[in-house]
Amino acid sequence: MQLGAFSIIALSTLFPSCKPKNATGAIDSDAAIKAYVPPGKHDEFYNFVSGGFSGQMSVYGLPSGRMLKVIPVFSVDPEKGYGYSEETKPMLNTSHGFVPWDDLHHTEMSQTNGEINGKWVFANANNTPRLARIDLKTFKTAEIIELPNSGGNHSSPFGTENSEYIVAGTRFSVPADDANGDVPINSYKQNFKGHISFVSVNQESGEMNIAFQLRTPGVNFDLARAGKDKSHGWFFFSCYNTEQANTLLEVNASQKDKDFIMAVNWKKAEEYLKAGKGKKVKVRYAHNKYNEEAHTATSEIKTEVTVLDVAELKDICYFIPCPKSPHGCDVDPTGEYIVGSGKLAAVIPVFSFNKLQKAIADKAFDGEYEGIPVVKYEAALYGEVQKPGLGPLHTEFDGRGNAYTSFFVSSEVVKWNIKDLKVLDRAPTYYSVGHLTIPGGNTRKPNAKYLIAYNKITKDRYLPTGPELTQSAQIYDISGDKMQMILDFPTIGEPHYAQAAPADLIKNNGQLKIFKIAENKHPRAAKGENEAKVVREGNKVHVYMTSIRSHFAPDNIEGIKMGDEVYFHVTNLEQDWDVPHGFAIKGANNAELLIMPGETSTLKWVPDRVGIYPMYCTDFCSALHQEMQGYIRVSPSGSNVPLTYSVGTNLPPKK
Amino acid sequence: MKKISLMLLVISGSVWMYSCGGSSDQSSSTAEAPKSMVPDSETYDPNRGEGKFNETNVQLGELDATMAKRGEATSNTKCLSCHKLTDERLVGPGWKGVTERRTPYWLMNFITNPDPMIDKDPEVQAQLEICLVRMPNQNLTDEDARSIVEFMRKNDSSK
């Protein structure tokens, strides 16, 4: 109690305008019933939440805040064998080789006509720049594409209103991949460049391809949003460090009164691309695809991208001045208003798409920045929200004419009216909110029943767990005039952006319950015990194994020798929902397999000593699960123990 | 007072839930959890089983060798990990003689709709006490089920 009170005091001293004072006072008596989903009942919304430095994406139900799944995306997951099984290792391949970890910041659901369509969720890797596509029929990572010429993919994976493109803008500008990178770091201004990838998405298969890259001046790209409806065809990127500092950015990148929002006319870029104005540039990047029928990923290294230089091709990009290191750059449901959130600014500027178009037509420019026209601030400005709070970060919309902006420094969500720019309501967050989510809050048609705040600081919100605490999110009911906090729920990693969609949209999208065994095209599948076998190919031994409640076939294998590499290709013969089998073997230097019904997965195992090795099923599958086990005999190299395998027949010799 | 009425609301809500329980679209395939150990003997016909098949829509003719071959292939993938073709029990009972013990439509109902029948059929419940593994739903099509019965007939006609 003492400690809790102390940390609240400490926090309010740190953030003078933060008013948490009495945390329980913010909760109305009907909050519990609003967040309550009875046992056996489903939530109203799916919430796809970035897992931050866990590298994964987590899925929650709303309004209960119950965790439904963690989808492995950019980090290995030994629980599911992701990145450990032979089939999934290629998913994490890059031009740098196998990268087992990353930092997943933002999620973006695929759209049709500016509305969420329930097909895919995209995610960005902030460290080794990549973009991932998760298939919502399987809740598996279906594809990962690396981004060349990039230093950190932060300004991503925001998409256009038909998911024509998902963008990937570099956070850290760096010398281009085909340039000599062995240059002094303080030659940033001469040698460092920004690159923004426009990644096209095949509307049927979802397959991603880097359609083109824009080469920009060296700055930091932070967040982005596509135009919608009337502004479809444009994209807006917040940029900071227009000072082009290369050290102590905390001070040196906060010098200017205004940074920029970069407006991109991507339809114009497409025209230039068609007219052959792009330059083919030599690069190296991995493109990894998971084949659902073969249950196997492949990784291809690609060697070329097409780059459009926006300083040469004048009318693609325009800079709009935006106060102080903008983070959020959000477009309202009508497509007319672009909200910049300068994280060090005392106002929220709202820009008008119509005014921007007129300013460009009238050439109402304030000179150029590195060859790009800078639009006059007032010429693009619709108005400013005065004294909204401290440290605005990100804005979502309710489709009823209101915007909701998160304030990191003053720890609050502020609701304001877009037309008259008046603040309507404030709700405290515990503590220091980063991103916000309203289901569909970035689309043409928000489904604005709830707002979720993803907080950066947890402190005393839950039972303490030593120095490291869980992450904290909060749900607000925003169906009325006033925001009402109804629930705290803990999250994994450090969540950045998240999106949410009505449950029915995902539930009824044709989700798979099993993989049909007849459609299994894995080259080493055993579709039935009569196909189970062990085959030696030199020092490689391939075990074609089946699993069904509750035994493996074969479950006795002899004749493995030191120096052998053993590959267990385990096919789960079950054809019923929710009957995975696991597979683990003693001493394996990797992980377990978790095999879904009808799926085949492969675990590589190199025995390190002579002896008997047990193997077993790790996922409780039936009353006889504990009986689901087997043995492997490993003999010295050069031993003459023949290779044999069986299930049920290897009995003691009769006397 | 307010708290009490809230509690009541929650309780009455859950009573309402229960009374219409089982209408959820997933309930049919959640396998392991036994719903009721008391067979519903009033409506259940142990000769026919429960499902879409009956004496009018399943009729046997001469043994169809092609269909039996197809049934054998499907059985290899989906059944024979747990059932032997002899009368010996593996995970489940051996198949020898099964077409003499059961009507073809009972067999087809059971292999396409196992969960409700495991809950209701007295003989299957007795079998479960021996085997302890509920026969999984292997998502067989009607055609798969019919051809498996043909393969069982072929198995029973050979000595």
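How many residues does the contact take from chain A, and how many from chain B? I looked this up before anything else. The contact takes 25 residues from chain A and 20 residues from chain B. Two residues are in contact if their C-beta atoms, placed from the backbone, lie within 7 Å. I sorted the side of chain A that touches chain B and got eleven nonpolar, eight polar and six charged residues. Here Ala, Val, Leu, Ile, Met, Phe, Trp, Tyr, Cys and Pro count as nonpolar, Asp, Glu, Lys and Arg as charged, and the others, Gly among them, as polar.

A note on the model. It is predicted: local features need pLDDT of at least 70, side-chain atom pairs count only at pLDDT 80 or more, and totals for chains, interfaces and linings use all residues. Residues are numbered from 1 along each chain as its sequence is written, and chains are lettered from A and ligands numbered from 1 in the order in which they are written.

**Chain B, overview**

I counted seven helices and zero strands in chain B. Helices (H or I, at least four residues) and strands (E, at least two) are DSSP runs, numbered from the N terminus. Chain B has 159 residues, and 31% of them count as buried. A residue is buried if 20 or more other C-beta atoms lie within 10 Å of its own, exposed if 12 or fewer, and partly exposed in between, with C-beta atoms placed from the backbone. I also took the contacts in chain B between residues at least 6 apart in sequence; 75% of these join residues at least 24 apart.

**Chain B, helix H4**

I asked how enclosed H4(B) is. Eight of its nine residues are buried, so H4(B) is largely enclosed by the rest of the structure. The buried ones include B:Trp106, B:Asn109 and B:Phe110. Their cover includes helix H3 (98-101), helix H5 (114-120) and H7 of chain B.

**Chain B, packing on H7**

Next I took H4 (residues 104-112) against H7 (residues 142-157), both of chain B. Their angle is about 125° and their axes are 9 Å apart. Axes are lines fitted to C-alpha atoms, for helices over the stretch in contact, and angles run from 0 to 180 degrees between N-to-C directions. H4(B) and H7(B) are therefore oblique to each other. Angles under 35 degrees count as roughly parallel, over 145 as roughly antiparallel, 65 to 115 as roughly perpendicular and the rest as oblique. On H4(B) the contact uses B:Pro104, B:Leu107, B:Met108, B:Ile111 and B:Thr112, and on H7(B) it uses B:Ala145, B:Arg146, B:Ile148, B:Val149 and B:Met152. I class these residues as eight nonpolar, one polar and one charged.

Helix H2 (residues 65-78) of chain B also packs on H7(B). That angle is about 105°, with the axes 7 Å apart. H2(B) and H7(B) are therefore roughly perpendicular to each other. Contact residues of H2(B) include B:Met67, B:Arg70 and B:Glu72, and those of H7(B) include B:Ile148, B:Phe151 and B:Lys154. This contact divides into four nonpolar, four polar and five charged residues.

**Chain A, nonpolar cores**

Which residues touch the most other members of the largest nonpolar core? They are A:Phe237, A:Ile320 and A:Leu451, in a core of 130 residues. A nonpolar core is a set of buried Ala, Val, Leu, Ile, Met, Phe, Trp, Tyr and Cys residues joined through C-beta atoms within 7 Å. I followed A:Phe237 beyond its neighbours within four places in sequence. Its contacts include A:Ser155, A:Ile196, A:Phe221, A:Met262 and A:Cys329. Apart from this core lies another, of 33 residues, among them A:Ala532, A:Val566, A:Met596 and A:Cys621.

**Chain A, backbone checks**

I found a cis peptide bond joining A:Tyr430 and A:Tyr431, with omega about -10°. A:Tyr431 sits in the loop between strand S29 (423-428) and strand S30 (433-437). The bond from A:Ala553 to A:Pro554 is also cis, with omega near -5°. A:Pro554 lies in the loop between strand S37 (551-553) and strand S38 (556-561).

Then I checked phi. A:Ser163 has a positive value, near 50°, and is not a glycine. A:Ser163 is buried, with 23 other C-beta atoms within 10 Å. A:Asp229 has a positive phi of about 55°. A:Asp229 has 16 C-beta neighbours inside 10 Å, so I log it as partly exposed.

**Chain A, A:Lys302**

A:Lys302 is in strand S18 (residues 296-309). Its C-alpha is 6.1 Å from that of A:Ala286, 16 residues apart in sequence.
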